[in-house]
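Please examine the sequence and the structure before reading on.

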Amino acid sequence: LKQPIVLSWFNDEVNFVVCQLCALLTAFWFRLYLHPSKTSPFVRHVVATLLGLYFALFCFGWYALHFLMQSGITYGIMIIAGVEHMHKYCLVVALAYLGFCQITRVYVFDYGMYSADFTGPMMVITQKITSIAFEIHDGERMPSLLEYFSYNCNFMGILAGPTCSYKDYIAFIEGKPFRHRELENNGKLQGKTRLNDPSPNMEVVRKLGTCFLSLLVFLSVCKVFPVERNTDDDFIATTPIYAKVVYLYLSMLTTRPKYYFVWTLADAINNAAGFGFNGYDSDGKPQWDLISNLRIMNIELATSFKVFLDNWNIQTAHWLKRVCYERCPYNPTAATFLLSAMWHGAYPGYYLTFLTGIVVTLAARAVRHNVRPYFLGSPTHKFVYDVITWASTQIAICYTVVPFVLLSVGPSLKFYRSWYFCLHIGCVLLAIALPVKPRHLRLKEQQSISSSSDSTDSQKHKNGQRSYSAATHAESQTNETQKQTSKHSASACTRPVGRHTNLGSKWRHQDLARDWWV
């Protein structure tokens, strides 16, 4: 029975890669022959949507209809529910639909098989559905049905994403760049930064080179260090602890190139179509990272759990931040990890990973807030701190993510027992011994400091105004021979300055308040 399943898995992977390569070639054609200067947004929307649905049907057959059903149901909810509540209903319905499909695939069809299943694209579509619902709730205009399906099902992101802002996508389709990062106050580069359509060819070539190397590394070493060996009885019984640590790091390290390949190829496809330009850097070089999903060097050299997560699956992290972390009034870290686990799927290993991630994140935050300041006194101490935190972060990431790869509860708990749950216990103790103020209390404290500073500034201006008025009055008393002239002079001098000072203080107070809330 296993041979047909493995053959099906292989065919799914081949179909996926072939479709992505076809999408890459199509993206070049789309940018050159359907450029916004040559055709209308309507035509670009129609072509992008039809091509996306064709690729989806080629890869997943009639399962691709779930993409249309999920998008259609949530669009109806947006119309019926209205702006005030649509974001909540769309989040619940989209996640419920995705969860139903994931559960049936896992527990009815092929438990434990990593295949190019149809729920993968649905995960990205779920992000897009909820993102646009929250954007509309926050003031963005309601899209037409064609714009909505184009955003969710375009050929550039239908198979592997990444998620992007609706405003960015519409700006790309209409040829009106939304997020170009132009350099300001630099005359010699101003002319160059107004070039809104630089060629992405060199960036695409560079990213394809990264894809090739990632695929080569993955195919070369993924079988040399299988993750499952971490739970092998002989390995656990005979391997010393230092060798277990090294093998854990190497086995998890070899799983990453697969994700590097998929996400970098998806980024290259969008760039080839002209989507993803993010302005220019300080040297005037175009940046094509608006929707990039990872930064490989930052991942491999991360010195904290947060830095690793900030550079891994970036667009998903942005989505979680927008729809959950920034809006959850209590325990936003735990709520964000829980939402991430629900979004990833029905495998128990996902929940073990994200529950462990909550504890590790709280401990890492406590260490950084309480310990790091002691190592900033000299470059040598800072270097020692970075080396220690790099090693700790890499091992903590590997320890946390093992259940994500093993998927099942039994092997995952067996692995943690072989390590005596040491990281769980250590992180709990650190989080208790090195407490950090909750985020809302830190924000409240900063706000009170800002308000106190504004009050002091206002009082200084009032005192200065009174001193100026007193000095003017004294001068008028000493010039009795020109009394009438002095009265007019003091009046002409004092009143306008007094009004200007009060108004200026008010303006400054409003600016500080605006800057704080922004």
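## A buried aspartate and its surroundings

Asp267 is located in helix H12, which comprises residues 256-272. The model in which this residue is seen is a predicted one. With a relative accessibility of 4%, Asp267 counts as buried, because buried means under 20%. Leaving aside residues up to four places away in sequence, Asp267 touches Lys207, Trp288, Ile291 and Ser292.

## The protein as a whole

The secondary structure consists of 22 helices and zero strands. Of the 518 residues in the protein, 42% are buried. Among contacts between residues at least 6 apart in sequence, 72% join residues at least 24 apart.

## Pairs of helices

Two packed helices are described by the angle between their axes and the distance between the axes. Two pairs are described here in these terms.

Helix H3 (residues 65-81) and helix H5 (residues 119-137) have axes that come within 10 Å and cross at roughly 15°. Angles under 35 degrees count as roughly parallel, and H3 and H5 are therefore roughly parallel to each other. The crossing in which H3 passes H5 is right-handed. On the H3 side, the contact includes His66, Phe67 and Gln70, while Ile125, Ile129 and Ile132 are among the residues of H5 that meet H3. By class, this contact of H3 with H5 has nine nonpolar, five polar and no charged residues.

Helix H2 (residues 41-60) and helix H7 (residues 166-174) form another pair, with axes that come within 8 Å and cross at roughly 115°. In this contact, Pro41, Arg44, His45 and Ala48 of H2 meet Tyr169, Ile170, Phe172, Ile173 and Glu174 of H7. The residues of the contact of H2 with H7 divide into six nonpolar, one polar and two charged.

How many of the 19 residues of H5 are buried? The number is 17, and H5 is thus mostly covered. The 19 residues of H5 should span 27 Å at 1.5 Å a residue, and this agrees with its end C-alpha atoms, which are 27 Å apart. Just after H5, Gly139 takes a positive phi of about 125°.

Helix H17 (residues 348-370) has 23 residues. From its first C-alpha to its last, H17 reaches 34 Å, close to the 33 Å expected at 1.5 Å a residue. The buried residues of H17 include Tyr350, Phe354, Ile358 and Val360. Against which helices do the buried residues of H17 pack? They pack against helix H14 (305-311), helix H16 (332-344), helix H18 (379-406), helix H19 (409-418) and helix H20 (422-433).

## Backbone features in loops

Most residues other than glycine have a negative phi, and most peptide bonds are trans.

Which residues does a cis peptide bond join? The bond joins Gly161 and Pro162, with an omega of about 0°. Pro162 lies in the loop between helix H6 (145-153) and H7.

Technical notes
Residues are numbered from 1 along each chain as its sequence is written. This is a predicted model: local features need pLDDT of at least 70, side-chain atom pairs count only at pLDDT 80 or more; totals for chains, interfaces and linings use all residues. Side-chain values use heavy atoms; hydrogens and water are left out. Axes are lines fitted to C-alpha atoms, for helices over the stretch in contact, and angles run from 0 to 180 degrees between N-to-C directions. Helices (H or I, at least four residues) and strands (E, at least two) are DSSP runs, numbered from the N terminus. Angles under 35 degrees count as roughly parallel, over 145 as roughly antiparallel, 65 to 115 as roughly perpendicular and the rest as oblique. A crossing is left-handed if the near helix is turned anticlockwise from the far one by less than a right angle, and right-handed if clockwise. Contact means heavy atoms within 4.5 Å. Ala, Val, Leu, Ile, Met, Phe, Trp, Tyr, Cys and Pro count as nonpolar, Asp, Glu, Lys and Arg as charged, and the others, Gly among them, as polar. The expected span of a helix is 1.5 Å times one less than its number of residues. Buried means under 20% relative accessible area, exposed over 50%, partly exposed in between (1.4 Å probe, protein chains only).
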